[in-house]
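Me: I'd like to go through this one with you and ask what stands behind each label. Here it is.
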Amino acid sequence: MTPLLSVQGITKLYGHHIGCKDVGFDLYPGEVMGIVGESGSGKSTLLNCMAGHLTPDAGAVVFDTRTDGPRDTVTMSEPERRMLLRTDWAFVHQHARDGLRMGVSAGGNVGERLMAVGERHYGDIRAKATDWLGRVEIDATRVDDRPATFSGGMQQRLQIARNLVTGPRLVFMDEPTGGLDVSVQARLLDLLRGLVRDMGLSAIIVTHDLAVVRLLADRLMVMKDGHVVEAGLTDQVLDDPQHAYSQLLVSSVLQV
Amino acid sequence: MSEYNFAYLDEQTKRMIRRAILKGLAIPGYQVPFASREMPMPYGWGTGGVQVSAAVMTPDDRFKVIDQGADDTTNAVSIRTFFERTAGVATTTTTSDATVIQTRHRIPEEPLSEGQILVYQVPIPEPLRFLEPRESETRKMHSLEEYGLMHVKLYEDISRHGHIATSYDYPVKVEGRYVMDPSPIPKFDNPKLGNVAAIQLFGAGREQRIYALPPYTQVVSLDFEDHPFEASKPDHPCVMCGAENSYLDEVITDDTGGRMFVCSDTDFCEARQAAGHIGTMNGKDAA
Ligand SMILES: Nc1ncnc2c1ncn2[C@@H]1O[C@H](COP(=O)(O)OP(=O)(O)O)[C@@H](O)[C@H]1O
Ligand SMILES: [Mg+2]
Ligand SMILES: [Zn+2]
């Protein structure tokens, strides 16, 4: 089977400082990959390199495109990459404000990707937006309200709806539950798990919260100082960590 | 007049502006950056339009200035006087007699002909500005034809008002490629942008942009399938000339809510009256 995404030797330096170094893995359709590690370990750098927000200094990010099969997205033209970003790829930011248009209604936020790919029927766009608000447990009566009037948890759910409405084949998420209250986190996690299962989403989720990957990720990579120190099936890594750093990470969480 | 070069700007500057205009004509709807000059009038008084007019003007031209359809507002008079003084060109208020027409907020009712140039004063040339303030990003969106945001703006309009309430500055797509801001003309004028015999030039002074529509360019107003574009106007005839299909200004006649509708295009209205078309109010006045 062709991997949906094949990440090969990704390295990103900030001057002499290592952002991430020589990271590689394959992601197969329907798989969720978790990337964990403490703050500063290079998770976001790696994610942004994969998602086309940063240009890596070395390496390839090969995506199995609909039309041309596997293509290195690092070297493809910017128009092609931006097209991927608004069709087959989706990116959920840690801070909902970074991923939403705060001056646009909830319906407009969800509808934007539909309009970006050429939908021109207002009634259809609105119906799809309303349907998606329901799927992320936002009341349909809020469709014309701006996200500024939403709670943090609602904003994050709106950002997810906005990303998933066009049925992307690959979703990148950077700390999707970060910065939210614990009870709100639990609800969001539940929702995400449901969506991942129902839609058979392929996703790469970066988090420092092991509970998130325990619930969502099939496989796990543990990062430290920009390097992957351990990778494997989620349960295996969490229940029987091999690397000393992974053991520390798991045990410190168990204490919480 | 002798202290100035013809039409105020020096020849070097005019050449620079003409290059921008030619590039604009070659890529209809594309915003060409140009080095806008200080003009002896404040921005907002149409310095972009004035520079474009100066660059295209020849001693043989007949110049007309319209401001919201009228030739006699302070703004229109001052720009007309400026070119009378600095270029010594003939001026006119008759649309069909003019060779260069500078305008703010209107397109003349009378169809333009080949050989005429219509110069628009533009305050904000970037149609995507409303939703994307970053210039670097809007430039990329134009170059990659990422125009979904324009429809987000129209979507918001419908969700808030039940219909597309944008009535000025209504965005258009040019030759199926660039989305363009037609300047704050009423959307009633949008159909007059396309397939026109005259050259249309747009100048934004403060924002330092020029864009253009060569003759007979295809210009389409953006819309939704279930909310098609409509070139609406107040549903009344002009009380002065009886015109049914011209854009009307609403004039308040007293402080008890009395109002009437008059052609916004003064020259058009006067020409119709001179030709014997009389509106309801006009008859009473004459009596
Ligand atoms: N723009 C940047 N310039 C310089 N160093 C950076 C930049 N972004 C991140 N870094 C550094 O790279 C390392 C990895 O950062 P990051 O990818 O944000 O880690 P994480 O997401 O795991 O917290 C850190 O040491 C961080 O300080
Ligand atoms: Mg991070
Ligand atoms: Zn009239």
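Me: How much area do chain B and chain A bury between them, and what share of it is on carbon and sulfur atoms?

Reply: About 1900 Å², with 56% of it on carbon and sulfur atoms. Buried area here is the accessible area (1.4 Å probe) that two parts lose on being put together, summed over both. Before we go on: this is a predicted model, where local features need pLDDT of at least 70 and side-chain atom pairs count only at pLDDT 80 or more, while totals for chains, interfaces and linings use all residues. Residues are numbered from 1 along each chain as its sequence is written, chains are lettered from A and ligands numbered from 1 in the order in which they are written, and side-chain values use heavy atoms, with hydrogens and water left out.

Me: How many residues of each chain are in contact?

Reply: 21 of chain B with 22 of chain A, where contact means heavy atoms within 4.5 Å.

Me: Why is Glu146(B) with Arg82(A) called a salt bridge?

Reply: The rule asks for a side-chain nitrogen of Lys or Arg within 4 Å of a carboxyl oxygen of Asp or Glu. For Glu146(B) and Arg82(A) the closest N and O atoms are 2.7 Å apart, so the pair qualifies.

Me: Which elements give two or more residues to the side of chain B that touches chain A?

Reply: Helix 4 (135-143) and helix 5 (148-161) of chain B; helices (H or I, at least four residues) and strands (E, at least two) are DSSP runs, numbered from the N terminus. Helix 5 of chain B gives the largest share, nine residues. By type, that side of chain B has eight nonpolar, four polar and nine charged residues. Ala, Val, Leu, Ile, Met, Phe, Trp, Tyr, Cys and Pro count as nonpolar, Asp, Glu, Lys and Arg as charged, and the others, Gly among them, as polar.

Me: What makes Met16(B) buried or exposed?

Reply: Its relative accessible area is 17%. Buried means under 20%, exposed over 50%, partly exposed in between (1.4 Å probe, protein chains only), so Met16(B) is buried. Met16(B) sits in helix 1 (residues 11-26) of chain B. Leaving aside neighbours within four places in sequence, Met16(B) is in contact with Phe34(B), Ala35(B) and Arg37(B).

Me: And why is helix 1 of chain A described as largely enclosed?

Reply: Because seven of the eight residues of helix 1 (residues 43-50) of chain A are buried. Among them are Leu46(A), Leu47(A) and Met50(A).

Me: How do you know which strands of chain B pair with strand 5 of chain B?

Reply: Pairing needs at least two bridges found by DSSP between two strands. Strand 4 (residues 100-104) of chain B has four bridges to strand 5 of chain B, running parallel, and strand 8 (residues 199-204) of chain B has five, also parallel. Leu118(B) is the bridge partner of Ile101(B), and Leu201(B) that of Val119(B). Five of the five residues of strand 5 (residues 117-121) of chain B are buried.
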